[in-house]
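Subject: Structure handover

Hello,

Please find the structure below. My notes on it follow.

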Amino acid sequence: MKFGFIAHPTSTGLLHQVKLVDMLDRTLEEQAWGYQAERWQQRNLVPFIDFGRIVSACGAECSGTLQFMPLTAEQMLRQPRAIAERVLQGVTALKAEGAELVGLGGFTAIVGNRGVATMEQAEVAVTTGNSLTTFAAYANLMDSLRLLRISAQAAEVAVLGYPGSIALAVARLLVEQGCRLRLVHRGNVQQAQAHLEYLPSQYHAQVSLHDNLEDCYAQVRFYVAATSSGNLIDPRRLLPGSVVLDAALPKDVMDVPHQRRDILLVDAGLVSASPAVHLGLRSLGLEPKRSLNGCLAETMILALEGRAEPFSLGRELPVNKVLEIGHIAERHGFSPSPMTHDGEVLTGEAFDRLHRHHHPRRALRASDASHEPLALRSEVLNSFAEHINPVLREFYRFNHIERVFSHGQGCWLTDLNGQRFLDFVAGYGCLNTGHNHPAISKALQGYLQAQFPTFIQYLSAPLHASLLAQRLAALAPGGLNRVFFSNSGAEAVEAALKLALAASDKRSVLYCDNGYHGKTLGALSVTGRAKHRTPFEPLLPRCESLPFGDLHALRTRLEQGDVAAFIVEPIQGEGGVILPPPGYLAGVRALCDEFDCLWILDEIQTGLGRTGKLFACEWDDTAPDIMVLSKSLSGGLVPIGATLSRDAVWQRAYGDIDSFALHTSTFGGGNFAAAAALAALDVLEQDSLCANAAEVGAHLQDGLQRLVERYPFLVAVRGRGLMLAIEFRQDMSGGVQALVKELAGRIPGQAMATYRMLSGAVRAHLETAAQALEQSLEDMFVVRFMTKLSEEHGVLTFVTANNNRVMRIQPPLVLTWEDAERFLSAFASVCEDLATFQS
């Protein structure tokens, strides 16, 4: 059976979409077949979609066409009789094209007395589709109650639009389930009493009638909206925990700006087709099967059933028919779930956010991980989204990496779902000794039990911090005898920059392109990546960048004689684990000596054994004037940073009574962090972690190199010790342009000529957008690789900060050969799975 469907735009934006479709349709036809006057005549309906062959989940088939009445509801209301005639003309035209059933969407039904008047004059069966819309809205509400663990008998629901056909049918369904209803209507008291008679008398005690929505805002948390006027519900006034099922077209919820995460707005009355349903529109792996308007879906389903009948007409929709069409829809693979709003799927997590407003309870604590792990997981994810970073939360969800870890030991993490993961991120290099190393944990427990004081460093010489400074001075190369303690790597860099400027009579600072030193203002000023810097500019003055690894460029700039300091990483970690040419660090040392420039070496990631030596500069047998450490200094258990310098540098900067306290930190140099660092240094030495990093790292690098040689999307493996990275390149450059040309060459018309007629600015924007899309998809390939590693093999990895196509491989230095083999096996398996385009 073939059906026809008449829709109309429900907003100005959709009206403009219909205008665009109409213009493209006529233009392409003209280009294909030549100019014809009749092609540019007024149209009653605008063709939009031809469903060639629809196949349902149970194998039934039909075909159909969807056309638009090019008017909004507001425009139609101004001339209802004229529009009713146009609708009838449209129905007749669709019948002439072979339709045996015609569905009327939105106001195209209302102007014909909810389809009754249209049906009386038409020569083909007509349906408004309101029965399936009603069923979907009713199912949406019942699902909402279920997800919020609220019984129907305990729910009070405001129904807007009563006694319109959808609102009346929803009310009948809900009272039968035991819901208490507030029926919001238009009219006076006498009319209200007449409206009540639409419901069976045994349910009247459950119902109250209201002519004003104001009566609901302060007491009701559930709304089903199905008026014909729209723009009634102000989301800013809803109670926390409210859920609005908006089945109206135009929408009953006001389009006003708000940032509320404690309410849910649902586009109700929609259905989605399952993967087993085919609408005859699949192209490029896509098919528009989600969030179909219930009225369109009902028409389609009746055609699949071969039922050319006026299923939904008039004000009163029999409840049994509403339930019948819902069950038929489900049999054919159409369902009211998932619920959506503005095209976004509303997950169970969205409802979890509302639970506390319906079921007050004590706040969950970390100690609940053992007996309420799933509830705690939900609470943590919601709290993260609401109070910390909603964009990052969405990134986690989009990439299937939404986890909450509750246990860590060595190289392994366990989440609240009980799944274990091999951690190859290690806090971006913070966890050289692994998660919760027992020796460090024992040291901190002993510290607390002994009741050592922590923050007394400006009243006395701090016990543990002083011993840690002595220990670091003994371990560090090049006479780095003075230590300033802080709380992070960025703070350590800030301290280093201030120290260098205070110790020098020069004012310029040099740094390297693609380098990374942190995101505080000073550290950011010497970070060589525009995406980190641009939003905060202007940054500190007189900071200039040079190419990494280029001694000639460094010499040329130092020759100007105004450079106080040069800051550089031994290996650019966040830049993609980029190694400089052999001898570069030794060359830097020589140039800085020659031109009286202080050399700041950022060993925050590379230091403390990561590269196979205690400090990466030892590979070049050299040392800086100032060195910064952090990350794994405390074994990852307590935040700490350290800025080491030669005596002479510190003396020039802070060596008298007027300057000794120019740079201080309230929490920097606390004994507790120092106690952790002392224990971490013991572990590094006693467990020979530098040697382990060198040996296991070389084994990993060899194994990954073999994969690089086999799979073309792997560009290179590089690094030293257990500071490794894999660079990917799934080249898609030119792919969008090729796709567009391919399609343009196959559709009738002169698509390329049309493109050339666009303004140069428009073409430039389109080409820029195409390139950006290709680059984003290339980045997405790496993220999908990471997702497969974690979802299918329990291995955690991540990209570097400066390069989304470089995967960092930085496990704890306690990594065993067995776990290294586990990683290599998992990595190889994912490579094979994604090797569709292997050469």
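Which residues do ring pairs link into a cluster? This is a predicted model, and in it the cluster is made up of F424, Y711, F713, F728, F781, F785, F823 and F827. The structure holds 21 aromatic pairs. One of them joins F424 and F823, whose rings are stacked, with 4.2 Å from centre to centre and 10 degrees between the planes. F424 lies in the loop between β19 (420–423) and α16 (426–429), while F823 belongs to helix α30 (residues 817–833), so this pair ties together parts that are 399 residues apart in sequence. Are these two residues buried or exposed? Both F424 and F823 are buried.

Two arginines lie over aromatic rings. R420 is over the face of W412, at 4.3 Å from the ring centre. R720 is over the face of W619, and there the distance to the ring centre is 4.6 Å.

The other item is a sheet. Six strands make up an open sheet with parallel pairing, in the order β8-β7-β6-β9-β10-β11. Its edge strands, β8 (207–210) and β11 (264–267), each pair on one side only. From one strand to the next, the twist averages 20 degrees. Within the sheet, β9 (residues 222–225) and β10 (residues 243–246) pair in the parallel sense over four bridges; F222 has V243 in β10 as its bridge partner. Which helix lies across β6, β9 and β10? That is α6 (residues 130–147), and α6 runs at about 165 degrees to β10.

Regards

Notes: Residues are numbered from 1 along each chain as its sequence is written. This is a predicted model: local features need pLDDT of at least 70, side-chain atom pairs count only at pLDDT 80 or more; totals for chains, interfaces and linings use all residues. Side-chain values use heavy atoms; hydrogens and water are left out. Rings of Phe, Tyr and Trp (its six-membered ring) pair if their centres lie within 6.5 Å; planes under 30 degrees apart count as stacked, over 60 as edge-to-face and the rest as tilted. Helices (H or I, at least four residues) and strands (E, at least two) are DSSP runs, numbered from the N terminus. Buried means under 20% relative accessible area, exposed over 50%, partly exposed in between (1.4 Å probe, protein chains only). A charge sits over a ring if NZ of Lys or CZ of Arg is within 6 Å of the ring centre and within 35 degrees of the ring normal. Two strands pair if DSSP finds at least two bridges between them. Axes are lines fitted to C-alpha atoms, for helices over the stretch in contact, and angles run from 0 to 180 degrees between N-to-C directions. Contact means heavy atoms within 4.5 Å.
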